[in-house]
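I opened the notebook for a new chain today.

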Amino acid sequence: MSSAAELKVLVLLGGGMPQAYWYGAGDISESALRPGTVVEVPLRNRQSPGIVIETGTPELAFSVKPVTRVAPDGARVSEEWISLLRWISSYYLTPLPLVLQAALPKIATRFLFHPPKRVVKRKDAESFSETNEAHSSAYPPTPEQRVAIDRLSEAMDAGSAKTFLLHGITGSGKTLVYLHLAKRALE
């Protein structure tokens with residue numbers, strides 16, 4: 001049984017169905033294990049990458065293995081992003097690991113849920129970014145989509161918390177509206 005005072009971290013691990021497991025901090029400092037930090041942890045007979053989604057000192061009825069290491073380049077997802085995804089999980093009654101998997105950038109999702117066999121070269125990352133820019137500009141919004149984007153953008157700019165329903169048949173371009181709004185929110 002783990003000591004109640006020992007710092008523990010809940011780590012989202014990838015795979016076919018993402019899961020979150022508790023690990024001990026071991027020799028790693030609390031400041032290095034904030035939510036959003038990419039870590040490597042033991043899972044069965046191998047080391048697996050994951051993201052810290054919670055820290056604390058819960059009293060667990062089982063012993064925990066320690067985190068092996070923190071990603072060397074300080075890779076992390078912001079704590080604000082993790083908080084938002086926790087809210088989405090609660091609001092939509094969806095398990096947090098699934099929300100995280102759906103919301104993380106594709107390149108992070110690939111790393112966590114399908115770890116690369118080789119190191120990604122800087123040229124590959126630049127090419128990935130350029131491809132995404134070209135792809136998003138290839139689909140300008142229709143006049144109806146522009147109306148929806150503008151109305152939702154006004155609410156975002158005002159900082160008001162409102163609920164909107166974007167209604168349309170399959171293939172009408174609702175996802176494109178969401179993508180434009182997400183890009184605007186990130187800017």
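I started with Tyr92. Tyr92 has a relative accessible area of 52%. Exposed takes over 50%, so Tyr92 counts as exposed. I kept in mind that this is a predicted model.

**Entry: the aromatic cluster**

I looked up Trp87 next. Trp87 has a relative accessible area of 47%, so I logged Trp87 as partly exposed. Tyr91 comes out at 45% relative accessibility, which also makes Tyr91 partly exposed. The Tyr91 and Tyr92 rings have centres 4.8 Å apart, with planes at 75°. Edge-to-face needs planes over 60 degrees apart, so I logged the pair as edge-to-face.

How many aromatic pairs are there? I count two. In the Trp87 and Tyr91 pair, the ring centres are 4.7 Å apart and the planes lie at 20°. Stacked needs planes under 30 degrees apart, so this pair is stacked.

Where does Tyr91 sit? I found Tyr91 in helix α1, which covers residues 79–91. Trp87 and Tyr91 are four residues apart in that helix, so about one helical turn separates them. I noted Trp87, Tyr91 and Tyr92 as one aromatic cluster.

I then checked the surface around these rings.

**Entry: the whole chain**

I stepped back to the overall layout. The chain has five strands and six helices. What order do they come in? From the N terminus I read β-β-β-β-β-α-α-α-α-α-α.

The chain has 187 residues, and 28% of them are buried. Its accessible surface comes to about 12600 Å². Carbon and sulfur atoms hold 57% of that surface. Among contacts with a separation of 6 or more, 63% link residues 24 or more positions apart.

**Entry: the sheet**

I traced the strands next. The five strands form an open sheet, ordered β2-β1-β4-β3-β5, with antiparallel pairing. Which strands are at the edges? I found β2 (19–24) and β5 (69–70) there, each pairing on one side only.

β1 (residues 8–13) pairs with β2 in the antiparallel sense, over six bridges. In this pairing I noted Val9 opposite Tyr23 in β2.

β1 also runs antiparallel to β4 (residues 46–56), joined by six bridges. Here Leu13 stands opposite Gly50 in β4.

Then I moved to β3 (residues 38–43). Six bridges join β3 to β4, again antiparallel. I looked up Pro42 and found Gln47 in β4 as its bridge partner. How many residues lie between β3 and β4 in their hairpin? I count two. Arg44 is in the turn and has a positive phi of about 55°.

**Entry: Val70**

I picked Val70 in strand β5. Is Val70 buried, exposed or in between? Its relative accessibility is 24%. Buried takes under 20%, so Val70 counts as partly exposed.

I listed its contacts beyond four places in sequence. They are Ile28, Ala32, Leu33, Thr37, Val38 and Val39. I also checked the distance to Ile51. Val70 and Ile51 are 19 residues apart in sequence, and their C-alpha atoms are 9.7 Å apart.

**Entry: Ser153**

Ser153 lies in helix α5, residues 143–158. Is Ser153 buried or exposed? Its relative accessible area is 4%. The cut-off for buried is under 20%, so Ser153 is buried.

Which residues does Ser153 contact, leaving aside neighbours within four places in sequence? I found Leu181 and Arg184.

Terms used:
Residues are numbered from 1 along each chain as its sequence is written. This is a predicted model: local features need pLDDT of at least 70, side-chain atom pairs count only at pLDDT 80 or more; totals for chains, interfaces and linings use all residues. Side-chain values use heavy atoms; hydrogens and water are left out. Buried means under 20% relative accessible area, exposed over 50%, partly exposed in between (1.4 Å probe, protein chains only). Contact means heavy atoms within 4.5 Å. Accessible areas come from the Shrake-Rupley method with a 1.4 Å probe; for residues, only the protein chains shown count as cover. Two strands pair if DSSP finds at least two bridges between them. Rings of Phe, Tyr and Trp (its six-membered ring) pair if their centres lie within 6.5 Å; planes under 30 degrees apart count as stacked, over 60 as edge-to-face and the rest as tilted.
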